[in-house]
Amino acid sequence: MKRSELIRLFLVPTVAVTFACGGDGGGESAESEAPAADVITVDAATAGTLVGTISFDGQAPDGEAIDMSEEPTCAEKHDGQPMKMPAMVGPDGGLANVFVHITEGLPEGTWSTPSQPAELDQDGCIYRPHVMGVQTGQTLVIRNSDGLLHNINAQPDNQRGFNISQPTNMTTERTFNRPEVMIPVRCDVHGWMEAYVGVQEHPYFAVTDGTGAFTIGNLPPGDYTVEAWHERYGVQTATVTIAESGEATADFTFSESMAGAPVPLGEPVDLHDHGAASSGP
């Protein structure tokens with residue numbers, strides 16, 4: 001047998017296998033590819049808004065003094081004694097740093113990832129903000145504004161965490177790819193430093209401000225379950241209805257007696273049966 005015939009005997013089967021496995025231009029490869037997920041769009045003309053206030057009932061717990069004597073650079077950034085507050089309650093009883101988010105009722109599908117990054121700063125040896133939210137896949141910029149050693153230790157349960165060192169003024173970028181409420185973030189150098197990050201697949205979340213207020217906008221009309229989470233007082237839930245171009249209200253009240261209570265606290269509370277406004281015009 002000629003040498004050229006031997007080469008053809010070995011090459012022909014190899015070429016056949018290559019095409020059968022879906023090589024360049026192969027039909028089987030195109031059929032096996034999963035179709036691209038449609039990104040959910042919301043009609044702004046009919047979308048509504050969820051608003052509410054988280055209140056604290058009773059005497060707010062005392063804060064714990066933070067000893068920053070070994071970090072004078074950080075101590076100088078504070079007016080008076082820096083404190084670690086288990087609950088930040090405003091003059092009118094509003095509870096700050098409550099993470100509020102929609103848990104049920106949203107359309108199924110893929111939500112667009114924000115191009116604008118979220119930011120977690122270390123300033124005065126304090127995480128700012130203390131509680132925040134990001135979407136899955138959204139860039140989280142972690143900034144060191146103190147110019148001294150910090151070590152950021154994120155400890156999620158549903159995904160891989162990270163432990164990174166920032167010895168000077170710098171930024172580091174990370175992402176979370178699965179929803180999780182909440183992810184604790186701590187500094188291994190300064191034990192009092194802690195923050196909490198809520199990760200959602202959708203954009204419908206908020207953190208209460210110093211008055212205890214929150215707003216979640218651009219919600220499609222529908223029935224929803226909303227959850228309010230606090231690091232000390234646990235979780236409460238309620239149901240609301242968003243009418244076309246309407247505004248619904250979900251108010252919650254926490255108290256010191258709830259500290260250490262099981263999470264979640266119970267079945268969703270139907271605001272329709274408690275006199276709360278839950279529909280718009």
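## Cys-187, a cysteine on its own

At 4% relative accessibility, Cys-187 counts as buried. Here, buried means under 20% relative accessible area, exposed means over 50%, and partly exposed lies in between, using a 1.4 Å probe and protein chains only. The closest cysteine sulfur to that of Cys-187 belongs to Cys-125 and is 7.4 Å away, too far for a bond.

A word on the model: it is predicted, so local features need pLDDT of at least 70 and side-chain atom pairs count only at pLDDT 80 or more, while totals for chains, interfaces and linings use all residues. Residues are numbered from 1 along each chain as its sequence is written, and side-chain values use heavy atoms, with hydrogens and water left out.

## The disulfide

A disulfide is a covalent bond between the sulfur atoms of two cysteines. In this report, a pair of cysteine sulfur atoms within 2.5 Å counts as one, and by that rule the count comes to one disulfide. Which cysteines form the disulfide? They are Cys-74 and Cys-125, with sulfur atoms 2.1 Å apart. Cys-74 lies in helix H3 (residues 72-75) and Cys-125 in the loop between strands S5 (118-122) and S6, so the pair ties together parts that are 51 residues apart in sequence. Helices (H or I, at least four residues) and strands (E, at least two) are DSSP runs, numbered from the N terminus.

The torsion about the S-S bond of Cys-74 and Cys-125 is about 60 degrees, so this disulfide is right-handed. Are the two cysteines buried or exposed? Both Cys-74 and Cys-125 are buried.

## A sheet of four strands

Next, follow the strands in the order S6-S5-S8-S11: they make an open sheet with mixed pairing. Strands S6 (127-128) and S11 (170-174) stand at the edges with a single partner strand each, so one side of each has no neighbour in the sheet. Two strands pair if DSSP finds at least two bridges between them.

Strand S8 (residues 140-144) runs antiparallel to S11, and five bridges join them. Along this pairing, Leu-140 stands opposite Arg-174, and Val-141 stands opposite Glu-173. S5 and S8 are also joined by five bridges, but these strands run parallel; Leu-120 has Ile-142 in S8 as its bridge partner. Four of the five residues of S8 are buried, so this strand is largely enclosed by the rest of the structure.

Asp-121 is found in strand S5. Asp-121 is buried yet has no salt bridge, a term for a side-chain nitrogen of Lys or Arg within 4 Å of a carboxyl oxygen of Asp or Glu. Its nearest side chain of opposite charge, Arg-143, is 4.9 Å away; Lys and Arg count as positive and Asp and Glu as negative, while His and the chain ends are not counted. The side chain of Asp-121 does make a polar contact of 2.8 Å with the side chain of Ser-145. A polar contact is a pair of N or O atoms within 3.5 Å; within protein, one must be able to donate a hydrogen and the other to accept it, and residues adjacent in sequence count only if both atoms are side-chain atoms.

Asp-223 sits in strand S16 (residues 222-230) and, at 55% relative accessibility, counts as exposed. Its side chain joins that of Thr-241 in a polar contact of 2.7 Å. The C-alpha atoms of Asp-223 and Leu-106 are separated by 8.4 Å, although the two residues are 117 residues apart along the chain.
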